[in-house]
Amino acid sequence: MACVTTSMGFTIPHLLRSACRLCPAHSALVVLRHSASCYCTVNGTTQSKRKMDHLERTANNFRQEVISQAKVCGIINESETVKRLRLAIRNKDFTFKAGQWVDFFIPGVSVIGGFSMCSSPGLLEREGVLELAVKYTDHPPARWIHTECTLDSEVALRVGADLHGYQESKGNGYKMGTVKLYYSAKNTNELLFKKNILGLMSALPGKITCRFHVTQQNSPICEELQPHITEGRISEKDLEKHVSKDTLWYICGPPPMIESISQLLYNSGVHRNCVFFEKWW
């Protein structure tokens, strides 16, 4: 993520897209009960062997014409490896929707970055800012963000659209479905946006639930998280209880995780048309 996109109006898609698409060590699986309003990313199998650059990977994707200048107005260490950038957008015509990302232009850096928003369109409308969560890698844009970016740094952004189809309802509304999130990371420090997710669970009881999985936890788990933590990877047993004809599955994470979880679902009788993930690697 990212890989989790629904039109239910929650911020989970934004959070997981950043936590997982830009942080390959993180894994997330969303189990979505059908609602009257949802849309899906492209379904496929992992076949790519050569790592493509962002522009090459998304060459056939639609881009908005608007390129906006932006200024870094906040930098937060979300974890030891992830920085959250807060960007003040100067162009009032700059907009985005859930499930989209930005081409990230850095003065003096020839390689173009591709990052997903971890904030909602509403924040942009209200305050004129958007936020990105970026994990450290040797890729030039990510490295620049972690080693050279400072407050008031100038960049430029252009919105790109995911490979998905979606038709907005025309005033008919929708019936909210239920979402079960399985979110796996090395330890609780690397469970990005956990407080936001807990807040959504509290605000929408019974509609959104989450199990956080940690695979290498060496320190005590805080009391707030303990009821929601499972030690170990997401397992077949975890998934089996949700298998039904009315369930959609959205997977986000590194290629081996996506391959493994997909196969577990297929083995459990889940139809391939109900399993969705992006080929962003």
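This note goes through the chain point by point, from its overall make-up to single residues.

1. Basis of the model. The model is predicted, so that local features are described only where pLDDT is at least 70 and side-chain atom pairs only at pLDDT 80 or more, while totals for chains, interfaces and linings use all residues. Residues are numbered from 1 along each chain as its sequence is written, and side-chain values use heavy atoms, with hydrogens and water left out.

2. Overall make-up. The chain holds seven helices and twelve strands, where helices (H or I, at least four residues) and strands (E, at least two) are DSSP runs numbered from the N terminus. Of its 281 residues, 52% count as buried; here buried stands for under 20% relative accessible area, exposed for over 50%, and partly exposed for what lies in between, with a 1.4 Å probe and protein chains only. The chain exposes about 13,600 Å², of which carbon and sulfur atoms supply 49%, the areas coming from the Shrake-Rupley method with a 1.4 Å probe, and for residues only the protein chains shown count as cover.

3. Helix α5. In α5, which covers residues 194–203, the residues I197, L198, L200 and M201 are buried. They cover an arc of only 155° around the axis, which puts them on the same side of α5; the arc is that of the directions from the helix axis to the C-beta atoms. K195, S202 and A203, on the other side of α5, are exposed. As background, an α-helix has 3.6 residues a turn, so residues three or four places apart point the same way.

4. The loops on either side of α5. F193 lies in the loop between β8 (179–185) and α5, and F193 is buried at 2% relative accessibility. Its phi is positive, about 65°, although F193 is not a glycine. L204 is in the loop between α5 and β9 (208–214) and is partly exposed, with a relative accessible area of 21%. The C-alpha atoms of L204 and T178 are separated by 9.7 Å, although these residues are 26 residues apart along the chain.

5. Aromatic pairs. A search of the whole structure finds four aromatic pairs; rings of Phe, Tyr and Trp (its six-membered ring) pair if their centres lie within 6.5 Å, and planes under 30 degrees apart count as stacked, over 60 as edge-to-face and the rest as tilted. One of them is the tilted pair of F104 and W144, at 6.4 Å centre to centre with 55° between the planes. This pair links distant parts of the chain, with F104 in strand β4 (residues 101–106) and W144 in helix α4 (residues 140–147), 40 residues apart. F104 is buried at 0% relative accessibility, and W144 is buried too, with a relative accessible area of 9%. Y250 and F276 form a stacked pair, 5.4 Å centre to centre and with 25° between the planes. That pair also links distant parts of the chain, Y250 being in strand β11 (residues 247–252) and F276 in strand β12 (residues 275–276), 26 residues apart, and both Y250 and F276 are buried.

6. Charges over rings. The charged end of K180 sits over the ring of Y182, 5.4 Å from its centre, and the charged end of R272 sits over the ring of Y266, 4.0 Å from its centre. The criterion is that NZ of Lys or CZ of Arg is within 6 Å of the ring centre and within 35 degrees of the ring normal.

7. Helix α7. Y266 is also among the buried residues of α7, which include M257, I258, I261 and L264. At 1.5 Å a residue, the 13 residues of α7 (residues 255–267) should span 18 Å, and its end C-alpha atoms are 18 Å apart, which agrees; the expected span is 1.5 Å times one less than the number of residues. After α7 comes G269, whose phi is positive, near 95°.

8. Cysteines. A search of the whole structure finds zero disulfides, a disulfide being a pair of cysteine sulfur atoms within 2.5 Å. C149 is buried at 10% relative accessibility, whereas C222 is partly exposed at 41%.
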